[in-house]
Amino acid sequence: MEKPKANPIQEMMRVAGPLVALMDRETELLTTHQTQAIAALQEEKNGLATTYAVLAREIRAEPELLRALSRSLRDELREALKRFDRAARLNAKAIDAARKANERVIHAIVEAATTARAGTASGYSNSGGRVTPRRPDHAPAVSVALNRQF
């Protein structure tokens, strides 16, 4: 005997709650810089987000499902979608901010490494005096081309 197909709208409302809670948790972790804890959420988040997207496609493909909803269920769905949209917007904003912060840190590291490699890095000695970079013992290599007339 085949199991009856679940109503995609009811399934979407069932999935939306845990997905919103997960996005809220991830947003909180991102804004409090607890990024090490985010990885543990990703498998569940990806599963819920995929299910949510599949259900949304099913509902768009069958508009009569929405027309058949009672007013109270339609209102409940509307509220669930508002919560989802808000959580998704805040989550995307937090992810973007974290990505930009990481890019700034990486840029600063690359710049510091480039500066140090160029020999222009400076700092302070253990006595507190300013230390300037030591000149290399030899000049950097220069390409030279010679012809037979030299």
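This is a predicted model: local features need pLDDT of at least 70, side-chain atom pairs count only at pLDDT 80 or more; totals for chains, interfaces and linings use all residues.
**View 1. A salt bridge links the side chains of Arg78 and Asp75 at 3.0 Å, N to O.** A salt bridge is a side-chain nitrogen of Lys or Arg within 4 Å of a carboxyl oxygen of Asp or Glu. Residues are numbered from 1 along each chain as its sequence is written, and side-chain values use heavy atoms, with hydrogens and water left out. Both partners belong to helix α4 (residues 71–117), three residues apart, about one turn of the helix. Helices (H or I, at least four residues) and strands (E, at least two) are DSSP runs, numbered from the N terminus. Arg78 is partly exposed at 42% relative accessibility, and Asp75 is partly exposed at 36%. Buried means under 20% relative accessible area, exposed over 50%, and partly exposed in between (1.4 Å probe, protein chains only).

**View 2. Arg99 and Asp96 form a salt bridge of 2.3 Å, N to O.** These residues also lie in helix α4, three residues apart. Salt bridges that share partners join Asp96, Arg99, Lys100 and Glu103 into one network. Arg99 is partly exposed at 39% relative accessibility, as is Asp96 at 28%.

View 3. Glu11 is partly exposed, at 24% relative accessible area, whereas Arg14 is exposed, at 51% relative accessibility.
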